[in-house]
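Subject: Structure for your review

Dear colleague,

Please find the structure below, followed by an account of what was found in it. I would be grateful if you could read the two side by side.

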Amino acid sequence: MAVLTSSQVGLFFVTTNNFLDSSEDETSPRGKDQKTSKGLTDFCIKNIKQAEFGRKEIEIAEQEMPALMILKKRAGGEKPLAGAKVVGCTHITAQTAVLIESLVALGAQCRWSACNIFSTQNAVAAALAEAGTAVFAWRGESEDDFWWCIDKCVGARSWQPNMILDDGGDLTHWIYKKYPSIFKRIRGIVEESVTGVYRLYQLSKASRLCVPAMNVNDSVTKQKFDNLYCCKESILDGLKRTTDVMFGGKQVVVCGYGEVGKGCCAALKALGAVVYVTEVDPICALQACMDGFRVTKLSETIRHIDMVVTCTGNKNVVGREHLDKMKNGCIVCNMGHSNTEIDLASLRTTELKWEHVRPQVDHIIWPDGKRIVLLAEGRLLNLSCSTVPSFVLSITATTQALALIELFNAPEGRYKQDVYLLPKKMDEYVASLHLATFDAHLTELTDDQAKYLGISKHGPFKPNYYRCRQTSPHTQNAHKHTDVSNRKYFF
């Protein structure tokens with residue numbers, strides 16, 4: 001029988017503690033004196049002593065993130081991000097750490113905070129701080145802590161950002177509202193979530209977006225891989241770790257049949273769950289029907305459902321009227337970015353009792369004794385309660401890195417004060433960087449075939465307007481693209 005070394009045992013407990021163990025000190029580290037081994041103090045995390053274990057987590061993730069490693073090797077010598085001061089607000093996990101350290105290797109200076117109060121891996125945050133990144137995040141932040149961390153990243157006296165990498169839009173709007181002079185000097189914004197993209201388009205529509213922005217969310221490499229395949233694998237992990245539920249025979253409603261919903265439905269169906277879908281879009285609803293799912297209204301099925309999963313990006317998808325009708329023991333969780341999909345405010349009333357039973361698991365008890373199981377307080381289930389596949393995140397992270405390079409190096413006038421979709425050539429390049437992992441070999445078009453199709457034999461193989469899903473009304477208007485075939489950092 002294999003015997004774990006003391007280092008491996010330590011790593012196991014640190015990793016497990018990120019999701020299941022509540023024994024770690026739950027007090028806020030704000031105001032606590034912390035210092036790295038090199039004497040740096042510009043950070044705020046839970047425990048700098050966990051840095052060694054966090055470094056091991058990052059090294060494991062690097063093995064499954066080949067494209068970023070290739071990008072560092074190809075472009076690191078030229079430092080395409082030299083002079084870039086990137087302020088970021090994302091999930092702080094081992095995979096994000098690989099992205100952050102890749103940006104540093106490409107010449108950028110970085111300051112980072114977390115976009116979710118439950119998703120930070122404390123050991124990874126410690127490793128980033130020990131390596132010199134100014135990181136302000138820890139697992140279990142309060143709402144006040146959350147905004148304090150963002151402000152510490154932005155409001156440093158000796159450092160002002162010129163690039164934003166955001167996930168959800170909170171950082172962008174904080175700078176826009178509190179630091180308007182800094183916002184006007186930003187050279188570019190990269191946003192990867194549907195929530196954050198929507199907020200950018202709202203700014204643009206109101207003529208208040210004075211910065212060019214890249215909509216990474218609607219790139220094929222984000223939708224088809226991160227949203228679909230990542231959620232397909234990670235939803236089951238998050239549910240198992242928190243509830244130990246058996247899926248066979250359970251009746252589940254998945255609200256929304258976009259790429260996230262498709263991945264969730266496929267995973268649940270594969271383990272024997274009976275899956276229903278709710279949708280507002282007739283095209284997505286028809287896809288669900290043809291994939292073998294029953295499309296229904298939540299109000300029609302809620303009384304006999306065992307589990308509700310939201311993934312719409314909307315608000316109040318599950319309201320108090322639905323929660324009141326749920327049967328005893330129903331599990332409620334969210335796979336969308338923010339915690340707006342479940343009407344939590346309606347549950348924080350005097351007649352309902354909240355019982356915290358384990359990390360990220362609350363029982364909400366009605367006066368008659370009925371209880372529902374709420375996971376991660378309605379926040380993103382997979383990153384709050386489990387981990388996600390590094391390889392899939394490599395695809396999105398590489399896309400983000402390239403978008404930053406493109407915006408930062410763009411000559412004046414190339415991008416206006418608007419939101420742009422990523423060029424299809426960039427999507428294809430990111431995908432190609434990952435093919436070697438599978439020993440995949442692309443077929444090359446002949447000159448005659450390329451002429452017949454009316455495309456270059458080297459791509460792009462799809463038009464810029466192609467997307468793997470129906471685009472939103474906002475992205476339909478963001479038709480501006482740039483030819484990147486001659487960008488040395490990409491190709």
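Strand 10 (residues 307–310) and strand 11 (residues 331–334) run parallel to each other and are paired over four bridges; strands count as paired if DSSP finds at least two bridges between them. Within this pairing, T310 stands opposite N334 of strand 11. Helix 10 (residues 220–243) packs on the sheet and touches strand 10, strand 11, strand 12, strand 13 (361–365) and strand 14 (371–375). The direction of helix 10 makes about 125 degrees with that of strand 14; axes are lines fitted to C-alpha atoms, for helices over the stretch in contact, and angles run from 0 to 180 degrees between N-to-C directions. The open sheet concerned has eight strands in the order 9-8-7-10-11-14-13-12, with mixed pairing. Strand 9 (294–295) and strand 12 (353–358) stand at its edges with a single partner strand each, so one side of each has no neighbour in the sheet.

The model is predicted: local features need pLDDT of at least 70, side-chain atom pairs count only at pLDDT 80 or more, and totals for chains, interfaces and linings use all residues. Residues are numbered from 1 along each chain as its sequence is written, and side-chain values use heavy atoms, with hydrogens and water left out.

For the chain as a whole, there are 19 helices and 15 strands, where helices (H or I, at least four residues) and strands (E, at least two) are DSSP runs numbered from the N terminus. Of the 491 residues, 57% are buried; buried means under 20% relative accessible area, exposed over 50%, and partly exposed in between, with a 1.4 Å probe and protein chains only. The accessible surface comes to about 21,600 Å², and 53% of this belongs to carbon and sulfur atoms; the areas come from the Shrake-Rupley method with a 1.4 Å probe, and for residues only the protein chains shown count as cover. Among contacts (heavy atoms within 4.5 Å) between residues at least 6 apart in sequence, 72% join residues at least 24 apart.

Which positions does UniProt list under "binding site"? The unreviewed entry gives T93, D167, E192, K222 and D226; positions are in the numbering used here, feature names are shortened, and annotations may be inferred rather than shown by experiment.

D167 is found in the loop between strand 4 and helix 7 and is buried, at a relative accessible area of 6%. Leaving aside residues up to four places away in sequence, the contacts of D167 include C115, E191, E192, S193 and H337. E192 lies in the loop between strand 5 and helix 9 and is also buried, at 11%. Beyond its neighbours within four places in sequence, E192 is in contact with residues including D167, K222 and D226, which are listed in the UniProt entry.

S193 lies in the loop between strand 5 (188–191) and helix 9 (194–205). With a relative accessible area of 5%, S193 is buried, and beyond four places in sequence it touches D167, G168, N217 and H337. G169, in the loop between strand 4 (163–166) and helix 7 (170–178), is buried at 3%. G169 and R199 are 30 residues apart in sequence, yet 6.6 Å apart in space, C-alpha to C-alpha.

The structure also holds nine aromatic pairs. Rings of Phe, Tyr and Trp (its six-membered ring) pair if their centres lie within 6.5 Å; planes under 30 degrees apart count as stacked, over 60 as edge-to-face and the rest as tilted. The rings of F136 and W148 have centres 6.4 Å apart and planes at 75 degrees, so this pair is edge-to-face. F136 lies in strand 3 (residues 134–136) and W148 in helix 6 (residues 143–154), so the pair ties together parts 12 residues apart in sequence. F136 is buried at 2% relative accessibility, whereas W148 is partly exposed at 24%. By contrast, the rings of W147 and W174, with centres 5.3 Å apart and planes at 20 degrees, are stacked. F136, W138 and W148 form one aromatic cluster.

Yours sincerely
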